[in-house]
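Good morning, colleagues. Please keep the structure in view as I speak.

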Amino acid sequence: MMIDWNPATREFHLRNGLASYVVRVLENGWLGHVYFGPSLAEARSYGHLAPGEFYGFSNRLGQPVPLEYPSGGGGDYRIPGLAIELADGSGVLDLRYTSHRVIKGKSATPGLPSTYVEVGGEAETLEVVLADEIAAIQVRLLYTIYRDRPVVVRGARISNSGASSAIVRCAMSASLDLPDSDWELITLSGEWARERHVERLRLRPGAQSVSSARGASGHQHNPFVALVRPSTTEASGEAIGLSLVYSGNFIAEAEVEPFGTARLRAGINPNGFSWVLEPGGEFATPEAILAYSSGGLGELSDAYHRLFRERLARGSWRDRARPIVINNWEATYFDFDEARLLAIATAAREMGIELFVLDDGWFGQRNDSSTSLGDWQVNLSKLPGGLDSLARKVEALGMRFGIWIEPEMVSRSSNLFAEHPEWTIGIPSRPRTEGRNQYVLDMSRPEVVDHLFEVLSAVLGSAPISYVKWDMNRTITEPYSPTLPAWRQGEFLHRYILGVYTLYDRLIQAFPGILFESCAGGGGRFDPGMLAFAPQAWASDDTDAVERLKIQWGSSLAYPLSSIAAHVSAVPNHQVGRVTPLATRAAVAFFGVFGYELDPTALSDGERAQIADQVAFYKKWRELLQRGRFLRLRSPFEGDRDEVAWMTVADDGRSAIVAHYRILSRPNPGPQRLRLRGLNAEASYRVSIWPASAEADGVAASREALGGDELMSAGLVVESDRKSATQGDFRARLYVLEAAEGASSPGVES
Ligand code: GLA
């Protein structure tokens with residue numbers, strides 16, 4: 001049993017040896033939070049850790065009581081988990097424990113992506129029912145604990161058993177009260193082409209949050225936050241993660257109140273949201289995933305990586321090696337014909353690349369971004385034989401074929417807009433804000449989802465298509481749907497994303513063999529909700545190797561390598577104009593789902609040979625580079641920001657690849673060592689260097705096998721002599737570690 005109920009103390013204890021989560025029914029019937037942290041012994045009471053009854057403002061000291069799903073108006077002035085406007089206009093709830101049950105396994109969240117179980121006994125779920133009799137509102141709080149993971153998945157279902165409607169104004173997926181506020185808040189923030197940069201700031205009194213109001217999770221903030229102790233590093237210290245399985249408007253917020261306790265919450269952004277709960281109706285929040293680590297941020301990330309890879313991603317591609325792609329976008333933009341595409345595919349195939357992706361511009365009259373979104377019929381003047389002819393020719397080369405789509409959009413200049421202007425999001429009496437010459441379709445309308453399913457099914461069924469890149473290039477303005485009554489307009493953006501999920505789900509069911517990659521102007525919707533449908537995401541439109549170090553580092557805080565699509569592109573880089581060595585571009589893109597985004601017909605013979613070598617390297621180490629345990633070693637956000645290092649290590653500890661990047665060359669460098677992690681301390685490792693030419697630069701592979709203990713305690717020597725200074729800027733080296741025969745099981749050190 002992972003979930004215990006002690007009727008005497010009215011305590012729930014969720015535990016699995018990795019973490020404990022303790023909740024108790026307070027004397028007044030409210031559900032109080034007791035503890036989340038390292039695993040505690042079973043069969044003991046911990047209720048004394050949390051003050052007993054909640055007296056709110058009338059309490060002599062007004063001290064805060066830790067609560068599981070707080071609502072305002074009754075003396076708790078902190079940020080609420082739940083806010084409901086009742087029929088009389090009041091908003092005070094008094095939710096008291098009524099019952100609970102423990103369920104084997106875990107159920108899905110209706111209409112929303114969710115984590116799941118596959119094997120009997122791998123998880124248990126606690127459902128606690130709270131009710132306010134006067135308001136006739138019930139809340140079912142759900143907590144799932146997995147046997148082998150330091151995570152608790154939370155969610156809430158809110159229902160109305162009264163005779164009048166009520167309006168949900170705020171319904172968080174999780175709210176967590178912590179006994180102190182000696183934490184730093186980590187967020188992943190940025191903009192287009194610089195997504196998911198790590199921000200780390202000490203918690204201060206008051207509320208601090210990240211959120212989106214764009215209709216998508218957004219480039220600006222990610223629905224993942226972590227609280228870490230000021231002393232927490234990658235390798236040690238406490239960390240609590242909170243990740244929301246949702247792709248729409250979200251908020252993740254921490255509040256420090258005057259007694260120094262902290263509340264952390266995440267859920268649908270209440271700003272602009274409301275949901276009408278009809279009598280008998282129920283509202284389901286998205287899931288939130290809490291994770292705990294006492295072994296640093298690295299261990300926290302590992303928990304998310306495994307959960308997302310193994311129990312959030314679904315479908316036939318979940319566990320399969322992902323193909324190396326070549327995408328024609330930066331090679332041709334809109335300017336191509338079949339011959340040009342086949343020339344690219346042929347050159348790519350000669351270098352060993354496995355899948356050709358035809359990006360934007362293959363449909364309607366789309367020769368620039370001004371037209372044709374919504375008209376998902378192939379442009380026969382560019383591709384006279386249609387997609388089928390092109391796909392078959394690509395397959396004849398020994399490659400697979402994929403296409404780009406942007407289903408949620410419509411161009412003003414398109415047949416779809418002419419036929420169905422009413423399907424476009426906007427307020428009828430107002431002009432619509434323009435964005436990339438396109439409007440957003442009203443995905444809250446079932447007929448729009450049905451239409452898209454039909455036309456896209458026709459496209460995907462028309463040719464041997466193995467891969468789809470699903471883009472979303474503008475966010476939502478003037479959110480409004482004339483199909484909803486005035487008092488339900490606050491539901492619109494949630495209904496929009498539910499429509500997106502429905503379309504994804506239907507297409508995945510209809511085409512189970514297709515690998516989907518999500519995209520939103522690069523990484524503008526890179527979130528766990530999307531990963532439940534598309535197991536990989538285009539991390540950013542920025543393919544510059546130096547910029548990608550930051551983007552991929554930040555992404556890796558929550559997301560596994562198998563979800564981070566990363567391509568080598570041409571130089572000067574199209575986003576920042578920087579010129580970096582081809583080997584460095586590959587050495588960065590290797591740490592993710594690898595591919596190319598350039599014109600291979602424009603390369604020199606030498607560059608083609610280098611790419612063939614890169615492709616061979618990635619194929620050899622693909623399992624490790626897509627599914628290994630990823631450990632961050634030197635941060636692009638700390639120190640002089642001139643040096644970055646990370647590694648991936650096999651679960652059995654027998655092989656690892658360490659990457660060391662020097663951004664700007666420095667004269668007369670001192671000897672540098674990198675302390676590795678995750679190896680087997682008893683094993684001996686042979687070290688080889690990639691690219692092989694690095695050997696000639698004076699970076700020597702070790703002749704002797706090196707001990708795992710030495711590599712973790714003393715470190716790996718990475719810049720051994722002055723020669724490395726003369727190599728110039730943007731240098732990368734990979735160190736491949738292979739355990740010599742006889743090495744045993746994985747190490748314990750993290
Ligand atoms: C977005 C994507 C790019 C490319 C273009 C096509 O910007 O992020 O990768 O597909 O759209 O218009």
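By class, the shell around the ligand consists of six charged, four nonpolar and three polar residues. Here Ala, Val, Leu, Ile, Met, Phe, Trp, Tyr, Cys and Pro count as nonpolar, Asp, Glu, Lys and Arg as charged, and the others, Gly among them, as polar. This is a predicted model, in which local features need pLDDT of at least 70 and side-chain atom pairs count only at pLDDT 80 or more, while totals for chains, interfaces and linings use all residues. Residues are numbered from 1 along each chain as its sequence is written, and side-chain values use heavy atoms, with hydrogens and water left out.

The ligand is surrounded by 13 residues, the closest being Asp 359, Asp 360, Lys 469, Gly 522 and Asp 541; a residue counts as near if one of its heavy atoms lies within 4 Å of the molecule.

I turn now to helix packing. Two packed helices are described by the angle between their axes and the distance between the axes. The axes are lines fitted to C-alpha atoms over the stretch in contact, and angles run from 0 to 180 degrees between N-to-C directions. Helices (H or I, at least four residues) and strands (E, at least two) are DSSP runs, numbered from the N terminus.

Helix 3 (residues 338-350) and helix 4 (residues 386-396) have axes 10 Å apart, at an angle of about 20 degrees. They are therefore roughly parallel to each other, a term for angles under 35 degrees. Helix 10 (residues 582-589) and helix 11 (residues 605-620) come within 11 Å, axis to axis, and cross at roughly 20 degrees. The crossing of helix 10 and helix 11 is right-handed, meaning that the near helix is turned clockwise from the far one by less than a right angle.

Finally, the backbone. Val 571 and Pro 572 are joined by a cis peptide bond with omega about -5 degrees, and Pro 572 sits in the loop between strand 29 (564-569) and helix 10. Another cis peptide bond runs from Trp 690 to Pro 691, with omega near 0 degrees.

Key:
Parallel < 35°, antiparallel > 145°, perpendicular 65-115°, else oblique.
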